[in-house]
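Reader: Could you take me through this model, one question at a time, with the cut-offs behind each term that you use?

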Amino acid sequence: MSIAQLDLYGWQVEEDKAMHYLAGVAITSVAHDLIFEETQSKEKAVLYSIATTLAAATFKEVFIDGKKADGNDIAASMYGAITVSVAIEIDDLFKKRKRKRKKW
């Protein structure tokens with residue numbers, strides 16, 4: 001990610017947006033693990049970790065960036081959060097299927 005822009009099939013991603021995406025992935029992953037450890041609820045962990053990423057991204061844009069705040073940066077962070085959440089849900093789905101097969 002050390003290039004100024006990432007070009008994927010003609011669709012260019014700015015390095016700043018890629019960093020926001022990765023930050024959303026990181027925040028959601030860590031928050032999910034911490035929240036799940038406390039609540040033992042997969043649903044709460046997913047929802048609260050997404051909300052944590054939204055709060056962190058919004059805080060950064062509003063209070064740290066100030067006048068040059070960019071809504072696309074918040075969207076990039078949320079894309080990262082949603083990606084992790086979908087991956088977690090798919091993993092849970094496969095684990096449930098595997099458990100059902102073992103019972104037979």
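**Aromatic residues, helices and surface**

Reader: How is Phe-59 classed, and what is its relative accessible area?

Author: This is a predicted model, in which local features need pLDDT of at least 70 and side-chain atom pairs count only at pLDDT 80 or more, while totals for chains, interfaces and linings use all residues. Residues are numbered from 1 along each chain as its sequence is written, and side-chain values use heavy atoms, with hydrogens and water left out. Buried means under 20% relative accessible area, exposed over 50% and partly exposed in between, using a 1.4 Å probe and protein chains only. Phe-59 is therefore partly exposed, with a relative accessible area of 47%.

Reader: Which residue forms an aromatic pair with Phe-59, and what kind of pair is it?

Author: A search of the whole structure finds one aromatic pair, where rings of Phe, Tyr and Trp (its six-membered ring) pair if their centres lie within 6.5 Å, and planes under 30 degrees apart count as stacked, over 60 as edge-to-face and the rest as tilted. With 5.0 Å from centre to centre and 40 degrees between the planes, the partner is Phe-63 and the pair is tilted.

Reader: What span does helix 2 reach from its first C-alpha to its last?

Author: Helix 2 has 23 residues, and its expected span is 1.5 Å times one less than that number of residues. The expected value is 33 Å, and the model comes close to it, at 32 Å.

Reader: Which residues does Ser-49 touch, leaving aside those up to four places away in sequence?

Author: Ser-49 sits in helix 2, residues 42-64, and counts as buried because its relative accessible area is 1%. Among the other buried residues of this helix are Ala-45, Val-46 and Thr-53. With contact taken as heavy atoms within 4.5 Å, Ser-49 touches Thr-28, Ala-31, His-32, Ile-35 and Lys-44.

Reader: How far apart in space are Ala-56 and Ile-27, C-alpha to C-alpha?

Author: Ala-56 also belongs to helix 2, and at 30% relative accessibility it counts as partly exposed. Along the sequence, Ala-56 and Ile-27 are separated by 29 residues, whereas their C-alpha atoms are separated by 8.5 Å.

Reader: Which residue has a positive phi although it is not a glycine?

Author: A positive phi of about 60 degrees is found just after helix 2, at Gly-66. The non-glycine residue, with a phi of about 55 degrees, is located in the loop between helix 1 and helix 2. It is exposed, with a relative accessible area of 56%, and it is Gln-40.

Reader: What pattern do the helices and strands follow along the sequence?

Author: The protein chain has three helices and two strands. Of its 104 residues, 27% are buried. Read along the sequence, the pattern is β-β-α-α-α.

Note on methods: Helices (H or I, at least four residues) and strands (E, at least two) are DSSP runs, numbered from the N terminus.
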